[in-house]
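Please look at the sequence and the structure shown below before reading on.

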Amino acid sequence: MAMVTVRYFAAAADAAGCEQEQLDLDAGATVGLLRDTLQARYGAAMEKVLRSGSFLVDGIVRRDPTSPISANVDVLPPFAGG
């Protein structure tokens, strides 16, 4: 098992009801496993955010579900451009 600190921003924080938490995930966890865990934990509101949002792993945006995660992951909602 690996402890992962997950930080949530904007709509992702609203969906989770917190700005940060620690999750105990399997060693070698991937973006896909984290996404599935968050959707199961927080339901439709988080699923909506993750549908077009992304994960920031070691400062790099990751959307590929097979990408490995690190000890710190940021969940970013979609951003509007302008």
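Leaving out residues up to four places away in sequence, Ser-67 touches Ala-29, Thr-30, Val-31 and Arg-62, where contact is taken as heavy atoms within 4.5 Å. Ser-67 lies in the loop between strand E4 (60–62) and E5, and Ser-67 is buried, with a relative accessible area of 10%. Buried stands for under 20% relative accessible area, exposed for over 50%, and partly exposed for values in between, computed with a 1.4 Å probe on protein chains only.

This is a predicted model, in which local features need pLDDT of at least 70 and side-chain atom pairs count only at pLDDT 80 or more, while totals for chains, interfaces and linings use all residues. Residues are numbered from 1 along each chain as its sequence is written, and side-chain values use heavy atoms, with hydrogens and water left out.

**The sheet**

Helices (H or I, at least four residues) and strands (E, at least two) are DSSP runs numbered from the N terminus, and two strands pair if DSSP finds at least two bridges between them. Five strands make up an open sheet with mixed pairing, in the order E2-E1-E5-E3-E4. E2 and E4 stand at the edges, each with a single partner strand, so one side of each has no neighbour in the sheet. From one strand to the next, the twist averages 30 degrees.

| Strands | Sense | Bridges | Opposite residues |
|---|---|---|---|
| E1 and E5 | parallel | four | Arg-7 and Asp-74 |
| E3 and E5 | antiparallel | four | Val-57 and Val-73 |

Strand E5 (residues 72–76) is mostly covered, since four of its five residues are buried.

**The nonpolar core**

A nonpolar core is a set of buried Ala, Val, Leu, Ile, Met, Phe, Trp, Tyr and Cys residues joined through side-chain atoms within 4.5 Å. The largest such core has 22 residues, of which Tyr-8, Leu-34, Leu-38, Met-46, Phe-55, Ile-69 and Val-75 touch the most other members. Two or more residues are given to this core by each of E1, helix H1 (11–16), strand E2 (20–25), helix H2 (31–42), helix H3 (44–52), E3 and E5. Apart from neighbours within four places in sequence, Leu-38 is in contact with Tyr-8, Glu-21, Leu-23, Gly-43, Met-46, Leu-50, Phe-55 and Val-75.

Tyr-8 is buried, with a relative accessible area of 2%. Rings of Phe, Tyr and Trp (its six-membered ring) pair if their centres lie within 6.5 Å, and planes under 30 degrees apart count as stacked, over 60 as edge-to-face and the rest as tilted; by this rule the count comes to one aromatic pair. Tyr-8 and Tyr-42 form this edge-to-face pair, at 6.3 Å centre to centre and with 80 degrees between the planes. The pair links distant parts of the chain, with Tyr-8 in strand E1 and Tyr-42 in helix H2, 34 residues apart.

**The helix H3**

Which residues of H3 are buried? They are Met-46, Val-49 and Leu-50, and they cover an arc of only 95 degrees around the axis, which puts them on the same side of H3; the arc is that of the directions from the helix axis to the C-beta atoms. The buried residues of H3 pack against E1, H1, H2, E3 and E5, whereas Ala-44, Lys-48 and Arg-51, on the other side of H3, are exposed.

Note on methods:
Axes fitted to C-alpha atoms, helices over the stretch in contact; angles between N-to-C directions.
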